[in-house]
Amino acid sequence: MFSILESITVGFSQIFYECIHMQHHKGNADRPDEHGETIDWISIYKHGHEGEAEHPLKYTFFSFFREDPKTVFKELKRKNPREAFWGIFELASFVTTFVILGILNWHYICFLLPFYYFGHCLSYLNGYYRHYGGNPDEPIAWGVSTYSKLYNWTWFFNGYHAEHHFRPKVHWTRMQVFRDQILEQQRAAGVRVIKVPHALGFLDPDLPRVNRPFRRRRLRRHRLESEPAS
């Protein structure tokens, strides 16, 4: 019931979202294969060129139109037909709700659509800088972290994204302790750390240029700015 309520409120099936999230962790923002496909459906490299990340503006504003519920449904149905059914039910529930409210007052749709679209864009912007500058070939450096205390206190330590991808089963309350345990490994691997929250990643003073080849970028190791959490 909570999942259905949240799906209607947010405007997207939570079961579908969980499937996309799990697929994201399977691919970990991987580069396209020889056929141009990525395991991670929302990889920042999927629509890039020559193994490079896509431009942040294009990724932010175009990704909404690339969402493919059919692919998600097929994956859900393959793993659990019951989950696939409930995912479709959640999609139908929020679409029906939006249509009914739009019929009752057409101003509702005019108000909803731009915020619905730009809300998705903000989510993709946030996701882009969770991986931009990371190393898709190095598990410990798959993600990009930020250790702003206010951001992490208010967002359940969401800034520890490199740690989350390296060990996704570690609970958010253990992220600081876990990072202290692998700090030297992170430094050796050149894990990227930004000073601002992910959604403001474009403001980071040490931001790599979008079109710079990754191999050249690797020559310049990004120093971890923060000290151990403990």
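The legends below accompany close-up views of helix packing and aromatic contacts in a predicted model.

**View 1. Packing of helix α1 against helix α5.** Helix α1, formed by residues 2–10, packs on helix α5, formed by residues 81–104, at an angle of about 45°, and the two axes lie 8 Å apart. Helix α1 is therefore oblique to α5. The crossing of these two helices, α1 and α5, is right-handed. On the α1 side, the contact is made by S3, I4, S7 and I8. Their partners in α5 are W86, F89, E90, S93, F94, T97 and F98. By residue class, the contact of α1 with α5 comprises six nonpolar, four polar and one charged.

**View 2. Packing of helix α2 against helix α5.** Helix α2 spans residues 14–27 and packs with α5 at an angle of about 120°, with 7 Å between the axes. This geometry makes α2 oblique to α5. Helix α2 contributes Q14, I15 and F16 to the contact, and these residues meet E83, W86, G87, I88, E90 and L91 of α5. The residues of the contact of α2 with α5 fall into five nonpolar, two polar and two charged.

**View 3. Packing of helix α2 against helix α4.** Helix α4 consists of residues 69–79; α2 and α4 pack at an angle of about 85°, and their axes are 10 Å apart. Angles of 65 to 115 degrees count as roughly perpendicular. The helices α2 and α4 are therefore roughly perpendicular to each other. Residues I15, F16, C19, I20, Q23 and K26 represent α2 in this contact. From α4, the residues that meet them are P69, V72, F73, E75, L76 and R78. The contact of α2 with α4 divides into eight nonpolar, one polar and three charged residues.

**View 4. A cluster of aromatic rings.** The structure contains 22 aromatic pairs. Ring pairs join F64, F65, F94, F98, Y108, Y116, Y117 and F118 into a cluster. Two members of this cluster, F94 and F98, also belong to the α5 side of the contact with α1.

**View 5. Arginine side chains over aromatic rings.** The ring of F166 has the charged end of R167 over it, at 4.1 Å from the ring centre. In the second example, R179 lies over the face of Y147, and the distance to the ring centre is 4.0 Å.

Note on methods: Residues are numbered from 1 along each chain as its sequence is written. This is a predicted model: local features need pLDDT of at least 70, side-chain atom pairs count only at pLDDT 80 or more; totals for chains, interfaces and linings use all residues. Side-chain values use heavy atoms; hydrogens and water are left out. Axes are lines fitted to C-alpha atoms, for helices over the stretch in contact, and angles run from 0 to 180 degrees between N-to-C directions. Helices (H or I, at least four residues) and strands (E, at least two) are DSSP runs, numbered from the N terminus. Angles under 35 degrees count as roughly parallel, over 145 as roughly antiparallel, 65 to 115 as roughly perpendicular and the rest as oblique. A crossing is left-handed if the near helix is turned anticlockwise from the far one by less than a right angle, and right-handed if clockwise. Contact means heavy atoms within 4.5 Å. Ala, Val, Leu, Ile, Met, Phe, Trp, Tyr, Cys and Pro count as nonpolar, Asp, Glu, Lys and Arg as charged, and the others, Gly among them, as polar. Rings of Phe, Tyr and Trp (its six-membered ring) pair if their centres lie within 6.5 Å; planes under 30 degrees apart count as stacked, over 60 as edge-to-face and the rest as tilted. A charge sits over a ring if NZ of Lys or CZ of Arg is within 6 Å of the ring centre and within 35 degrees of the ring normal.
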